[in-house]
Every structure is written in structure tokens, then in C-alpha cells.
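Hello,

My notes on it follow below.

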Amino acid sequence: MTMELDRYLTQTLEVDRSSQESFKVQPLAGDASSRRYSRILSGNKSWVLMEWEPFDPENYSLLSVQKHFKKNHVLVPEVVSMSGELGIILYEDLGDITLEQEFFK
């Protein structure tokens, strides 16, 4: 994890890295894209972090698809925080079942 990402998560999740209330990062299996996913754990809370290259939040297709699904009442994770400059999106953690697995059981 880069220092920038560590700093971003520390501020966003409001944790003290020197205390027991710190966070852990667990890599998650990815798909065929260059995006990387991790589960961020802090106490009894968890989030999913997507890392990619820097992007423009106003024109990022992944966010457009997420908004479209939500508008049509498909349960998708909420965006907790993002930084287009760092190329990261922090989502609420809805568990291990992917959208594809849910719809193609």
C-alpha cells in the first residue's frame, strides 16, 4: 500500500494508525480488468476498496453503471468515498457474492 493510500484511508475511516483501532487490508480476487480490489477491515466494520488508474469521477463509466443499477432498484454498494486523483473508490461491503453471481445463479 502506498503512503498516499494509507493516509487517505486513515483520514477517510478516521482511524488512528498507532492505535488498536487501525485497519487491515485483505486482497480480493479480481476480474480480468486491471482494477485491484481489497477488503478493508477496521474493528467490526468493513469496506471494499477498488484501485485503478486516476479517473474523472464525472465521466467514469463504472460510476455511471452503479447509478443506473441503483436507479432501477438493483442492490449495489454505496460509494463511501473516492479520489479520482488517486484512482480509488471505497464502497460499502455487501459481502462476497458478485453482481454476476447473483444474477446468473
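**What was found**

The chain has 3 helices and 5 strands, where helices (H or I, at least four residues) and strands (E, at least two) are DSSP runs, numbered from the N terminus. Along the sequence they follow the pattern α-β-β-β-α-β-β-α.

This is a predicted model, in which local features need pLDDT of at least 70 and side-chain atom pairs count only at pLDDT 80 or more, while totals for chains, interfaces and linings use all residues. Residues are numbered from 1 along each chain as its sequence is written, and side-chain values use heavy atoms, with hydrogens and water left out.

Overall figures

The chain holds 105 residues, and 31% of them count as buried; buried means under 20% relative accessible area, exposed over 50%, and partly exposed in between (1.4 Å probe, protein chains only). Of the contacts (heavy atoms within 4.5 Å) with a separation of 6 or more, 42% are between residues 24 or more positions apart.

The sheet

The 5 strands form an open sheet in the order S1-S2-S3-S5-S4, with antiparallel pairing; two strands pair if DSSP finds at least two bridges between them. Its edge strands are S1 (24–28) and S4 (79–83), each of which pairs on one side only. From one strand to the next, the twist averages 25 degrees. Angles run from 0 to 180 degrees between N-to-C directions, and axes are lines fitted to C-alpha atoms, for helices over the stretch in contact.

S4 pairs with S5 (residues 88–92) in the antiparallel sense over 4 bridges. Ser83 has Ile88 in S5 as its bridge partner. Helix H2 (residues 61–71) lies across S3 (45–51), S4 and S5, and runs at about 165 degrees to S4.

The aromatic residues

Searching the whole structure gives 2 aromatic pairs. Rings of Phe, Tyr and Trp (its six-membered ring) pair if their centres lie within 6.5 Å; planes under 30 degrees apart count as stacked, over 60 as edge-to-face and the rest as tilted.

Trp52 and Tyr60 are stacked, at 5.3 Å centre to centre with 25 degrees between the planes. Phe55 and Tyr60 are also stacked, at 4.4 Å and 20 degrees. These ring pairs link Trp52, Phe55 and Tyr60 into a cluster. Trp52 is partly exposed at 26% relative accessible area, whereas Phe55 and Tyr60 are both buried, with Tyr60 at 6%.

Regards
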